Amino acid sequence: MELDYLGIVLRWFHIMAAIALVGGALFQKLALFGPCGELPEETRQRLNDGIRRRWSKVVMLAILFLLVSGLINYILTIRPYTQNVKLFQNDYSELKLPRAYHILFCIKFLMALVIFFIASALAGRGRATAGIRAKAAGWLSFNLLLAVVLVAISGVMRSYHTGPNVMKVIDVLKQETNAPPAPPLGGPPPAGAQPVGPGTKPATENAPMDLDVKVPEF
Ligand code: HEM
C-alpha cells in the first residue's frame with residue numbers, strides 16, 4: 001500500500017496545532033480559572049502575566065501551523081477534482097467533490113479566523129483587546145463552542161472525499177453473501193465464468209483504461 005507522506009505530515013501538524021490551541025483553552029476554562037480566582041489580587045496578576053507571556057507563543061505558532069497546513073491540505077484535496085472537471089462532472093458524477101465541501105471550507109475558515117482573534121486577544125497584552133481579557137471566562141467559553149462546531153465541520157468535510165468506507169465494506173460483504181455458491185474444488189466452472197489460471201487477471205484488471213485523467217504531481 002502506498003502512503004501519502006506529505007498528506008500525513010500535514011494532517012499531523014494540523015491536528016497537533018488544533019489539540020494545542022483547543023486543549024489549552026479547555027484547560028484554562030475547566031482547571032485554571034477556578035483556583036486562580038481564589039488567589040490574592042497581586043499574586044493572581046503575576047500568575048496571569050507569566051502564563052500569558054508563555055502561552056502567547058504557543059498560540060501564535062499554532063495559528064501559523066493551522067493556516068499553512070490547512071490551506072495546503074485544501075489545495076491538495078481539491079486539485080485532482082479541479083484538474084479533471086469534465087470527468088468528474090460527466091462520467092463519474094458520484095465521485096465529484098460537492099459544492100457543500102467548498103461552502104463548509106469557507107464557513108470553517110471564517111470561524112477559524114474568529115477563534116484565532118479571540119485566542120490572540122486572550123493571550124495578548126494590547127490595550128485594544130483589554131475588554132476581551134476583562135471578560136475572559138465568557139470569551140473562552142464562546143471560543144470553545146466555536147471550536148467544537150469547527151471540528152465537527154472538519155469531520156464532515158473529510159467524509160465528503162474519503163466516503164463511508166465501513167458502509168462500503170459492509171455492502172461488499174452483503175453482495176458476497178448473496179452471490180451463488182462457488183463450484184466445488186476440481187469441479188466444472190459455472191457457465192459464463194471467466195477462466196482463472198496462471199497469467200489471467202481479474203476482469204477489472206483486463207478492462208481497457210481509456211480515461212484521460214490528469215493526476216497532479218505532488
Ligand atoms: C481552530 C482552528 C482549527 C481547528 C481546531 C481545525 C481542526 C481540524 C481537524 C481536527 C481536522 C481533521 C479532520 C479529520 O481528519 O477528520 C481538520 C482538517 C482540515 N482543516 Fe482544519 N482546523 C482549524 C483551522 C483550519 C484552517 C484555518 C484551515 C484553512 C486554512 C483549515 C483547513 C482544513 C482542511 C482543508 C482540512 C481537511 C479536511 C478534509 O479532510 O477534507 N483548518 N481541521
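**Close-up views of a helical chain and its ligand**

**View 1. Helix α6 and its cover.** The buried residues of α6 are covered by elements that include α1 and α4. These buried residues are L140, N143, A147, L150 and M157. The model shown here, as in every other view, is predicted. Helix α6 is made up of 27 residues. From its first C-alpha to its last it reaches 38 Å, close to the 39 Å expected at 1.5 Å a residue. Just after α6 comes G163, which takes a positive phi of about 75°.

**View 2. The whole chain, for orientation.** The protein chain holds eight helices and zero strands. The protein chain has 218 residues, and 11% of them count as buried. Among the contacts in the protein chain with a separation of 6 or more, 77% are between residues 24 or more positions apart.

**View 3. The shell around the ligand.** Here 24 residues surround the ligand. The closest are A18, G70, A112, S154 and R158. Four helices each supply at least two residues of the shell around the ligand: α1 (5–37), α2 (41–82), α4 (99–123) and α6 (136–162). Which helix gives the most to this shell? It is α6, with eight residues. Sorted by class, the shell has 15 nonpolar residues, seven polar residues and two charged residues.

**View 4. G70 in helix α2.** G70, one of the residues closest to the ligand, is found in helix α2. Is G70 buried or exposed? It counts as buried because it has 20 C-beta neighbours inside 10 Å, and the cut-off for a buried residue is 20 or more. G70 and F13 are 57 residues apart along the chain, and their C-alpha atoms are separated by 9.3 Å.

**View 5. L76 and N48, two other residues of α2.** L76 is found in helix α2, and N48 is found in helix α2 as well. L76 has 15 C-beta neighbours inside 10 Å and so counts as partly exposed. N48 also has 15 C-beta neighbours inside 10 Å, so N48 counts as partly exposed too. A residue with 12 or fewer such neighbours would be exposed, and one with 20 or more would be buried. The C-alpha atoms of L76 and L6 are 9.7 Å apart in space, while the two residues are 70 residues apart in sequence. For N48 and A123, 75 residues apart along the chain, the C-alpha atoms are separated by 9.6 Å.

**View 6. Helix α4 and the elements it packs against.** Helix α4 has 25 residues. Its reach from first C-alpha to last is 36 Å, close to the 36 Å expected at 1.5 Å a residue. Which residues of α4 are buried? They are K108, A112, I115, I118, A119, A121, L122 and A123. The buried residues of α4 pack against α1, α2, α5 (130–134) and α6.

**View 7. The largest nonpolar core.** How many residues does the largest nonpolar core have? It has 18 residues, and those with the most contacts inside it are L21, I115, A119 and L122. Two or more residues of this core come from each of α1, α2, α4 and α6. Helix α4 gives the most to this core, with seven residues. Leaving aside residues up to four places away in sequence, A119 touches L21, A25, V59 and N143. Of these, N143 is one of the buried residues of α6.

**View 8. Confidence along the chain.** The average pLDDT of the protein chain is 85, and 82% of the residues score at least 70. Where among the elements is the mean pLDDT lowest, and where is it highest? The lowest mean, 44, belongs to helix α8 (residues 203–206), and the highest, 97, belongs to α4. Over residues 195–209 the pLDDT is below 50. In the model, this stretch has three contacts beyond near neighbours in sequence.

Definitions and conventions. Residues are numbered from 1 along each chain as its sequence is written. This is a predicted model: local features need pLDDT of at least 70, side-chain atom pairs count only at pLDDT 80 or more; totals for chains, interfaces and linings use all residues. A residue is near a molecule or strand if its C-beta atom, placed from the backbone, lies within 6 Å of it. Ala, Val, Leu, Ile, Met, Phe, Trp, Tyr, Cys and Pro count as nonpolar, Asp, Glu, Lys and Arg as charged, and the others, Gly among them, as polar. Two residues are in contact if their C-beta atoms, placed from the backbone, lie within 7 Å. A nonpolar core is a set of buried Ala, Val, Leu, Ile, Met, Phe, Trp, Tyr and Cys residues joined through C-beta atoms within 7 Å. The expected span of a helix is 1.5 Å times one less than its number of residues. pLDDT is the predictor's confidence in each residue, from 0 to 100.
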